[in-house]
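The tour moves from a sheet to a helix and then to pairs of charged side chains.

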Amino acid sequence: MPKKAKPAGPGTEERPLPCKQLKVEAAGGPSTLNFASPSALFASLIAPIKTETFFKEFWEQKPLLIQREDPTLAMYYQSLFKLSNLKSLCSQGMYYGRDVNVCRCVNGKKKVLNKDGKVHFLQLRKDFDQKRATIQFHQPQRFKDELWRIQEKLECYFGSLVGSNVYITPAGSQGLPPHYDDVEVFILQLEGEKHWCLYHPTVPLAREYSVAAVDSIGRPAHEFTLKPGDLLYFPRGTIHQADTPPGLAHSTHVTISTYQNNSWGDFLLDTISGLVFDTAKEDMDFRAGIPRQLLLQVDTTAVVTRRLSGFLRKLADRLEGSHALLSADMKKDFVMNRLPPYCVGDGAALSTPGGQVPRLHSVVRLQFKDHVVLMVGPDQSRSDETQEKIVYVYHSLKNMREIHMMGNEETECHGLRFPLSHVDALKQLWNSAAISVKDLQLPTDEEKESLVLALWTECLIQVV
């Protein structure tokens, strides 16, 4: 059980909010998820809460607990991952640290019980049964098709990477100490029951993971037990801990997380360098040298501060009203590291163009639009100082599901590059449900055909 913190002081003892203040009863709730579109999938995931209500009242603000009495949904959740899946997964070559962590919370601290090298199921089960250890399975969407299907749709919906971890904890045990994360968290309870305590954040919308000292977090703001089919959401920075109640079967839940390093601050850091680079080309003040010995000074002078403030105002003025595509590494990082589109079979539709070859009088439309980003940036292939801008079209159709969210694995960027003169024609394709090739804004018919043929070869457009 979670350790109970001491009250704030004499006469000021706080009690956790009753569960009914946080939960929503899903009477007649969904029996399965709706995969018709990314927005439909998310809506069915949080049903009966409306999407508008979720983002207005809960997202980045406070936890949401949805407790359901739906045996069909509970059975579907259980199919996503269960303890019995570990035996076959271990036979595929799982490794401690990379794929699996074995741990237990002891006296408010995480004790890691990993062995070296390959994971053997018998040893894993022994630690689970005898040491009451929690099994943490990293990124199960690499192996479980239905989680791939869910997370791929959620990546389209959020426009951000979506990872997951499975936690399997024996009865009467706790795997992790109280802590907070740097991600938005959705908990799906798959097997058994899990007792949760949530505490008020000390760092709202935290940018990093941190363990919270038991004696400093106070009493729980919310306390409840999840059962199969239930869903829990809480924002990054929410302090939490969970245990499996004694006397019951083991608990299995999957944590689906997103929005890591996806804030306005991150976007500003990502775009400001390109904005400065472009402005310096046109404004000599930005190219003027800084004062002598500025880098040797201990404090920043008022003169320097005023100068920097003036530069920032100039950048803001330049940005206002601009519709130019910002050169953002965040876009490239997202499309390079996300899941490929969910597909059944050998995935030939993602790597081999099919259907009619586009010609000048064809009507075409973009496909896999949620898996493609358009960027304008300097030509990285040129070593001279001019580095003319070109248009990059990056996509995730050829990404490897097997290394999704594994961090240290090498990822490859897939896509095409075009002259900057093609940017308006590409925007036409992006903004149209369908468009005639001859209507593309390019000077010659040859360029129009060449553009759509290149996109068709990458399986990014189809003739309609």
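Begin by selecting β19, β15 and β20, which in this predicted model form an open sheet of 3 strands in the order β19-β15-β20, with antiparallel pairing. The edges of this sheet are β19 and β20 (461-463), each of which pairs on one side only.

Next, select helix α12, residues 423-431. Which residues of this helix are buried? They are V423, A425, L426, Q428, L429 and W430. Display their surroundings: the buried residues of α12 pack against the strands β15 (363-366), β16 (372-378), β17 (389-395), β18 (414-419) and β19 (435-436), and also against helix α13 (445-457).

The remaining stops concern salt bridges, of which the whole structure contains 18. Select D99 and R142 to see one of them, with the closest N and O atoms 2.9 Å apart. D99 belongs to the loop between α4 (85-90) and β3 (100-106), and R142 to the loop between β5 (134-138) and α6 (145-158); the pair therefore ties together parts that are 43 residues apart in sequence. Both D99 and R142 are buried.

Proceed to D145 and R401, whose side chains meet in a salt bridge at 2.8 Å, N to O. Here the pair links distant parts of the chain, since D145 is in helix α6 and R401 is in the loop between β17 and β18, 256 residues apart.

Then select K398 and E458, a salt bridge in which the closest N and O atoms are 3.6 Å apart. Because K398 lies in the loop between β17 and β18 and E458 in the loop between α13 and β20, this pair ties together parts that are 60 residues apart in sequence. K398 counts as partly exposed, at 35% relative accessibility, while E458 is buried, with a relative accessible area of 13%.

How values were computed. Residues numbered from 1 in each chain as written. Predicted model: local features only at pLDDT ≥ 70, side-chain atom pairs only at ≥ 80, totals over all residues. Heavy atoms only, no water. Buried < 20%, exposed > 50% of the residue type's maximum accessible area, 1.4 Å probe, protein only. Helix = DSSP H or I, 4+ residues; strand = E, 2+ residues; numbered from the N terminus. Contact = heavy atoms within 4.5 Å. Pairing = 2+ DSSP bridges. Salt bridge = Lys/Arg side-chain N within 4 Å of Asp/Glu carboxyl O.
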